[in-house]
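I opened this notebook to record what I looked up about helix packing, sheets and record annotations, one topic at a time.

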Amino acid sequence: MAPYESSAKDPLIHLSEAWRVLRLSMAFPARIPTWDAILLTAASPAQADLFQWQLQWAKRTGIISSGTVVLAIPDPEGHRIGSGAATLCALQGLTKHLETSDFHEACPPLFNPMVGLIGRMRVLLLHTGGDSKRVPWANPIGKAFLPLPFLAGEDPDGPVLTLFNHILAISATAIQAFSNRGGLLIMTGDVLPCFDAASLKLPENGTVVVTVPTVLSRATKHGVILCSTAGSYGASSAVTRKQRFPGEQNDNPLLVEDLLQKPSVDEMLRRGAVDPDGNALLDTGIFAVQGTAWHDLIGLALSDPNPINDILMSGDEVSLYEEVAGAWVPNKHEWLQSRPLGKLLVNALGSHRLYHHCARNLVFLHFGTSSEILDHLEDDRGGRLARNYFTAIPSCGTCDVAPSAVILASDLRQGVSIGAGSLVFDCTLDSSIQIGARCVVTGVHSSNQSKTSKHVLLDSHCLWEVPVSGELVDSRVTLCCGINDDPKLPKHSGGTFCGKLWDTFLAERGISGADLWGQDSSNNLWNAKLFPVVSKHVGKNGPGGIQGIDIAMWLMGVWHKGADHNQTMLKHWQSLTERVSLQDIHNRIDFKQMYYDVNTHRAALAAGFARASIESGQMDRNLAKLCQVIVNGNTEQGSEICMDLAASCSDPLAGHLVNVPASRVYQAQVDIYEACGNEIAKSVSEAKVWDAVASETMAVVGKAHEAISAEWQTEGCNHLPLKLTHVEVNLPVRLDIVGGWSDTPPWSLERTGCVLNMAVKLEEQLPLGAEISVHNFGSGISMSDDAGHTCNIKDPRAISPPFQADDPFRLVKAALIVTGFGGPNSGSLSHELRIRTWANVARGSGLGVSSILAAAVVRGLLQLQGVDESPKIVANLVLVLEQIMGTGGGWQDQIGGVYPGIKLTTSSPGPQITLKVDPIEVSSELKLALQDRMVVIFTGQVRLANTVLQKVVRRYLQHDMRLIMTIDRLTILAASGRAALASNNLDRIGEIMAEAWLLHQELAPNCSNPFVDNVFQSVSHLSSGHKLVGAGGGGFAILIAKTREASVSMKILLQEFGPPVEVINWSLCEDGDLL
């Protein structure tokens, strides 16, 4: 962990923000660009095949764009060439791919010559090659693809998250530093650097290395950056010693004077590499290259003769962090003259400079050893580390699983015991398995062949199984070691196996060194041929049917069958002549079989989760994601399994589904059919979803309508005679501060909603209104609006939904129905009713215009009758009206318009939705601050809220946990907003709005667009927070300026932005305004 953790930001906050950016870039790449190419280095062709599969899987699961080139490129001819040469080799691999694909045909102007093509691309390069000697159980999957369930609870039915996924998320924020230019970002695959990568400032032409301050004792083991006193990129004056070690306020990267490799404390002090706090700048291994420096690096990789050939001939290695980085540092040029490729590097890259960006709040999570990995998983991270993820555990409590254990993608049967701090993934374990504390178990599928035999994994051990190529049917190797064994440490230097010195282990087992090591090999664990190749089928393994796990237990010193058992196992071990070492395994892994095993295992888990969710009547899993796992993982039977699931939820009235809303059952059908590719069945069920949502909403809100109608009947009101002959209702618009989405069905039917909003006038006017008049000469109903539309209805009983989506008067017609003036039960009118509506603001503005205009019509019709027209009655009737119209809206718009001032409204689910409106007293101080600092603008963009709404409703019905957590958070923020207003804390309101805006984008990535993003960015330095109002997508926006003076500057900048952006004069609508 980085030494600055105590003062640094919580690393998972950085990581959570990075994931938000990554998801947004996948959903809306026009707003946030994605990588044009992602390259992974690999140590061998076999490892490259594994990584390529992982990259393609990431594409299928939606965390890499479908248009991104993904390549895993091995070191040539299996030789280790170093990270610098591997960088050049990766660029050569990208070139070959582009030359042999149709990629260049899509954009012909960019791709001639090849340097120009790649130079315009934004490329992410991860150095992931290597044999994971210190984490040998990660060899089959690659250390970069270690399971790492940070934040996994946000998506419990999604794919198992890996270290690579999180690195990719961090990189998604860094891509913003390249703006619209090409460039290269280099990172390493065994470190998760949690920091604000979007804060990177890159020189127009040059390279930046990210640094972090560290204590000197740690600096002596790593690369250290010596910062130049010559200044920074974009600076013309010299810097002082204090400026040499910048804090966060220093935006521009500083020049690097020298690179110190594992320097002593004396050398760092003598060279001036120690800052005033006694720390040195650690090289994080993160490099960003841009401009002509990027073009020259590509040119070097593609130069003729091929520089890689020199490395292959000499057998040398070229380091990115020493030789290549040194070419950008003039003080290293002399040293480079004698280094591999040194002269070539200086000639090709030496005209450019290396700068450094000090990420003072960067937190390193290093995954270099098994012990480090378990340490990271032991920290609960405030509940944001998922400990039982995508795992089946018996509910009867017969498993003894320690609370601190991490179980991923596994099937645990009754009787399993797992100790504290252990990691288990991709396993099927039964009662024959007992796992100690701080163990790692992966790929083990115990069959419990012997009911009397227990496989006990002692504390601090690793056990894993991999399929290998071999003569036996389903050849497998079960491997083991101690958590703290160093496979590189020789026997004579204190090397261990399973925690015991080699001499002790050999003596206890009766094994000779000659059985393990050849004459030319190093006598260490890495080269020890300990592990026999056996068949998955027990009967194929000779007398007694001994399995690989039995041998592994014996090697670890675990046996329970008497003193002679050691001799029996030794003879059997010696009889299995095909034994392999950790080093051998890497080239023997049957990756195709391993893919199959993992995929079918996870598909079976997903099928079990989906089946249990349906049959239990809970419907509490995301079937869309589970069915994708089933279909992708079980290519032979996946569709058939999904169709069986569809049959089990075909009837919402079935006994096991009787308590599940029909909308959720129909959505499950949609998700299952979509996974199977059955578009016809999907479309049929999709229509039923929205009908069911409307019916369920009407069943709840209709009760309020029935209660209101009953009061009318009690009063003897049958609309004749009318109490008034002319009414005019004017209402304000609504600005929502936070909490929107929690008011909309079906959320509000099942969960608590909470919204903080305010009623406002625009340009000193109430912009929405309706005029209704009664005329004795004539009959029927005539309607008109401010757009020039007219409509005449002779018989009000003919008004009946559904209405056409383009009907300009469907709102008025629905209002007539809910107030009893229209519909089959309305009766006839002996006079003419004329209704005129207007809206001095565009629909699609996000101000709740449609719902509030409906409230104006409803209130007017109630006034004609002389019945209760209280805000509560009007708000409830508009909610019914929204369902008749088919827009599926919630309650916050009409609440915002019919209640004056600022209010916090809470809804409680039940047989009838209960609304509690709490007005917030606005002090004169707060009112003045709002007028001074809250800026309202019209962005000129318009949209329809229901198009966004449908996407959010669908995710809710799918039980999308991230959406549920997001809306929950919005309701919490709404309550926090009330407290902030009560204390006149407008800065806190800005913070709440800023977070709410991020959450809205999480719910609906298309709630903004590049134009709106640019508007907000242009005044971000003056703003405490901003958001579009309503569902987003355009319309109006509110911004909280940092100060009154900032508000003035903000308005000037926004006005200079020009059309269609318009600064709007607003004022709070108070009690007297609605009389």
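This is a predicted model: local features need pLDDT of at least 70, side-chain atom pairs count only at pLDDT 80 or more; totals for chains, interfaces and linings use all residues.

**Helix H3 on helix H9**

I began with helix H3 (residues 82-99) and H9, which pack at an angle of about 85° with their axes 8 Å apart; axes are lines fitted to C-alpha atoms, for helices over the stretch in contact, and angles run from 0 to 180 degrees between N-to-C directions. That angle makes H3 roughly perpendicular to H9, since angles under 35 degrees count as roughly parallel, over 145 as roughly antiparallel, 65 to 115 as roughly perpendicular and the rest as oblique. I then listed the residues that meet, namely Leu88, Leu91 and Gln92 in H3 with Trp294, Leu297, Ile298, Leu300 and Ala301 in H9, where contact means heavy atoms within 4.5 Å.

Residues are numbered from 1 along each chain as its sequence is written, and side-chain values use heavy atoms, with hydrogens and water left out. Helices (H or I, at least four residues) and strands (E, at least two) are DSSP runs, numbered from the N terminus.

**Helix H9 on helix H13**

I next took helix H9 (residues 292-301) with helix H13 (residues 342-349), which pack at about 140° with axes 9 Å apart, and H9 and H13 are therefore oblique to each other. Asp296, Leu297 and Leu300 of H9 make this contact with Leu344, Leu345, Ala348 and Leu349 of H13. I counted the classes here as 6 nonpolar, no polar and 1 charged residues.

**The four-stranded sheet**

I found an open sheet of 4 strands, ordered S38-S39-S37-S40 with antiparallel pairing, where two strands pair if DSSP finds at least two bridges between them. Its edge strands are S38 (1023-1028) and S40 (1062-1064), each pairing on one side only, and the twist averages 30° from one strand to the next. S38 and strand S39 (residues 1036-1041) pair in the antiparallel sense over 5 bridges, and in S39 the bridge partner of His1026 is Leu1039. Helix H30 (residues 924-933) packs on the sheet and touches strand S37 (934-938), S38 and S39, its direction making about 40° with that of S37. Helix H35 (residues 1044-1057) also packs on the sheet, touching S37, S38, S39 and S40, with its direction at about 10° to that of S37.

**The eight-stranded sheet**

I also traced an open sheet of 8 strands with mixed pairing, in the order S12-S14-S17-S20-S22-S23-S26-S27; strand S12 (388-389) and strand S27 (579-580) are its edges. Within it, strand S20 (residues 440-442) and strand S22 (residues 461-467) pair in the parallel sense over 3 bridges, and Val441 has Leu463 in S22 as its bridge partner.

**Record annotations**

Definitions and conventions. Ala, Val, Leu, Ile, Met, Phe, Trp, Tyr, Cys and Pro count as nonpolar, Asp, Glu, Lys and Arg as charged, and the others, Gly among them, as polar.
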